[in-house]
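The following exercises concern the structure shown below. Each task is followed by a solution in steps.

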Amino acid sequence: MRLRHSVSKFRSCDLLLLSLSALSFLTGCSETLTDSTPVLSSEPISFKVDAIDGTPVTHSSSASAKGSRGVAAAAISTAPAPDPQSYFAAPLKTTGGGHTLYLHPLVSERVGGAMAEKVTDEPLTRGTRIESINQLKQFGVSAIPYANDNAFASATPNSLFYNETATNASYGWKTANEHYWPATDKVAFYAYAPIPSSSNGLTLSSGSTAGTPYIDYALPATAENQPDLIVATNKGLTLATVGTNKAVPLAFDHQLTSIRFVAGPDMPSGKITSMGFTNIATKGRLSLGGNWTTTATGNYTVSNMSLQLMGSENQKNQDIISGTKTLLMIPQSFTTDNQKIAITYVFDGNTYNLTGSLKGTSWDKGQSIVYKVSPHSVSKLQLGSITFATSWGSNYPKTAFAAGDAVGIYVADANGLKYSNVMLTLGSDGKWTPASRVLLPENCKYYVYYPYSTSGLANTGKAATDAATFFASGISAWNPNANQSTLANLYNSDLQVAAGVVSTTNASTVNFSMSHQMGLAVITLKSGTVTNHYLSTDKSYTFTNTQTMKASNSFTGQIPILHSTDNYVKVIKPKTSTTFGTSDNVLGKWSAAVTASGAGAVASLNAIPSATQPYFLKPGDVYYSDGAITHNEESLANGKTPIGIVGYVGSNYWTEKDTKAKGIGGHGLVMGLKTIGSTGTTDHNTAYAWNTSETDDGRSKVNTSALIVGSSTQSYGSGYKESVALNNSAHPAAQAALAYTTLKAPSTSTGWFLPTAGQYYAIMHAIGGYPSSGWNINDFVSNMTTVSSKVNTALGKVGANNYTEFFQAENTWEWTSTEVSATFAIDIDSGVDDRMGDGSIRFISTGRSTKSALSSVRPFLAF
């Protein structure tokens with residue numbers, strides 16, 4: 001524990017003498033020594049700035065007291081600010097020499113932060129209004145320790161530290177001299193900027209002043225020397241309540257009143273040579289954390305001005321007193337007639353001294369007041385800018401209004417609407433043009449909404465505090481388009497509103513800063529791991545295969561628009577769960593809900609595929625021993641054994657629908673990867689006789705191409721049924737196919753069989769484009785090499801020596817289970833020995849296809 005102490009002074013305790021090493025035990029009696037100096041901890045004090053005029057300052061992490069716990073520099077929050085509460089007070093009438101001018105006071109409830117426009121031409125000097133953390137370079141701070149609330153009135157900063165300068169470090173705001181928290185005492189912190197000095201008219205109470213400190217302010221004669229005083233207080237804190245390694249939070253507020261003068265666009269030509277006030281507070285005392293007390297009154301005049309007015313034909317405002325000459329005055333209420341505002345005005349060579357009473361008005365702490373000088377008692381306001389909402393930033397494709405965009409404007413006072421749903425259209429010149437005449441009286445409120453509708457937007461029918469309140473019923477009833485796949489539908493869903501704010505720069509134009517009233521969903525398509533699959537045509541057929549898959553963009557129901565690669569956006573109703581996703585029968589299907597926390601909020605959603613996905617079967621797919629399937633263009637499944645390729649997809653005799661048993665078949669026909677006995681790509685190996693003799697087997701006689709092509713609906717098109725009928729020793733080819741086990745068939749399939757001519761045709765047609773007409777049995781068709789090449793390529797997906805080539809350079813034959821006559825069965829014949837070249841192929845029913853001839857057998861199965 002760190003101690004501050006005086007060796008000659010001790011409080012009275014049970015012990016009369018204590019060594020320095022035993023001082024820590026004094027805490028059992030009190031943590032404050034007899035000179036009111038507290039016993040200190042080893043915890044250093046630091047600060048963080050949480051707000052300026054109520055506008056939050058965000059921090060990347062909690063400000064820390066110690067350097068070992070770094071914190072990044074703070075920045076003003078980007079959260080949408082509330083509608084500024086600027087308003088025109090009753091005009092002040094000034095007269096003199098037969099002339100009258102009116103001053104229209106535009107009052108903003110704060111000098112900085114969200115409530116007033118920044119004067120952009122002000123350099124960062126003494127009188128510059130401090131509106132953001134970036135402008136605050138240093139502040140003064142005093143700390144008063146006290147044991148309890150009763151002891152505060154007699155406590156002083158000298159007991160801890162007085163008027164230290166704090167600057168921003170990487171781990172919070174720190175004083176130049178390090179100071180430590182009292183072990184148990186409470187502390188009241190008082191921070192202020194700028195630091196009081198003779199040049200800025202500020203004087204801080206002394207370090208020995210007991211109780212609440214104060215600042216005296218003597219108004220400097222020169223406007224440039226007038227300070228923009230901000231103060232923050234935080235009282236009653238202890239180390240225990242703040243916590244170790246934590247900074248003291250400070251929220252600053254402006255303490256003076258900002259005064260500016262502008263000439264309205266209706267002012268005639270002339271010259272203003274001075275402006276000022278009589279019998280106002282020129283000195284005051286501010287109790288820190290409290291109010292002002294006037295300590296002296298006098299006159300204040302800005303003279304030697306010589307501002308030449310350009311005349312009403314100019315149609316523009318002119319600054320009279322602004323920028324670095326902005327007056328920063330002591331807050332006060334005006335109660336007597338001799339408290340006046342004075343203007344010296346030269347017109348047509350004559351000088352007029354005009355005065356007007358300030359009685360009944362006030363300058364409140366933190367206010368900004370712009371006096372607009374006009375010859376008229378009713379101020380003329382003009383439509384200024386309408387700014388597109390920006391809270392969605394780069395997440396949204398539209399960031400500004402474009403020529404042709406339209407908004408609707410309402411003008412209202414406390415009694416009702418003056419103008420209702422007048423359309424304003426943005427022209428190519430950047431100006432908004434009303435569809436019909438609309439006036440903007442200074443005693444009214446102004447509201448706009450976007451996108452424009454001829455039916456308008458439901459509202460309160462009279463002035464409200466802000467746009468969201470005025471349009472509350474319309475906002476509540478607003479429903480974004482379900483389908484926002486086009487920019488038009490997206491933008492038409494983006495409800496924005498704004499209340500008009502009279503510019504504090506010129507006090508003559510009404511500007512609107514739109515804010516989104518809906519939320520924005522940002523959907524990012526992500527990849528995920530998928531293990532379970534089912535056929536899209538039959539959910540009862542399932543298999544497993546772990547693979548990575550991206551979420552589908554085939555949205556259904558709520559349809560967003562593509563914003564960037566794999567990123568989609570959609571305007572959604574805030575505080576309402578919105579579900580996005582695809583239909584159930586889409587590859588990469590997914591479903592997820594998202595909720596925007598409020599108006600203008602962005603809600604992010606990562607779309608990840610569901611763990612179970614549909615599988616869309618197609619010719620060429622690879623079929624595995626466990627019934628799994630992968631597409632030919634994909635990588636082979638890990639840890640699985642491929643046994644064939646899906647050559648045809650359908651639900652008929654070719655796919656053996658219910659031929660073996662109810663529920664088996666009817667999805668796909670699989671060509672085995674190898675002929676029986678094959679040991680390599682070009683090895684066709686064992687050959688079998690169709691029948692051991694040329695005898696009639698009583699099967700359907702298929703002797704035309706039409707019968708082959710049409711066999712999908714005929715029982716003779718079923719290789720399984722034909723093979724079972726021929727399953728005896730007299731029919732070696734069929735018997736061998738049914739008994740084939742080298743490549744294991746899954747139990748969900750028919751098992752291997754000798755395919756029919758129709759099933760061979762089905763695969764060659766589906767994969768290779770074998771013609772459906774215009775050929776006869778025994779013909780070589782014109783595209784035969786293309787057919788065999790495509791089938792062979794599909795088989796070759798599994799790699800060399802893992803399949804038997806399909807009718808390429810090797811001369812070969814493969815039996816079907818289709819009978820032509822008592823003597824012949826249909827054989828698939830290579831044309832190599834017929835000098836037709838590599839890849840030639842045909843159906844043959846004569847010559848070589850006698851039943852007792854020996855040919856290879858390539859088993860098929862169906863599932």
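**Exercise 1.** Determine whether Ser845 counts as buried or exposed, and state where it lies.

*Solution.* Step 1: buried means under 20% relative accessible area, exposed over 50%, and partly exposed in between (1.4 Å probe, protein chains only). Step 2: the relative accessibility of Ser845 is 11%, so Ser845 counts as buried. Step 3: Ser845 is placed in the loop between β53 (841-844) and β54 (854-856); strands are DSSP runs of E with at least two residues, helices runs of H or I with at least four, numbered from the N terminus. Step 4: with neighbours within four places in sequence left aside, Ser845 is in contact (heavy atoms within 4.5 Å) with residues including Phe824 and Ile777.

The model is predicted: local features need pLDDT of at least 70, side-chain atom pairs count only at pLDDT 80 or more, and totals for chains, interfaces and linings use all residues. Residues are numbered from 1 along each chain as its sequence is written, and side-chain values use heavy atoms, with hydrogens and water left out.

**Exercise 2.** Describe how helix α8 (residues 757-768) packs against helix α9 (residues 784-795).

*Solution.* Step 1: of the 12 residues of α8, 10 are buried. Step 2: the α8 and α9 axes, lines fitted to C-alpha atoms over the stretch in contact, are 8 Å apart at an angle of about 90°. Step 3: α8 and α9 are therefore roughly perpendicular (65 to 115 degrees). Step 4: Met764, Ile767 and Gly768 of α8 make the contact with Thr786, Val787, Lys790, Val791 and Ala794 of α9.

Notes. Expected span 1.5 Å × (residues − 1). Axes fitted to C-alpha atoms, helices over the stretch in contact; angles between N-to-C directions. Parallel < 35°, antiparallel > 145°, perpendicular 65-115°, else oblique.
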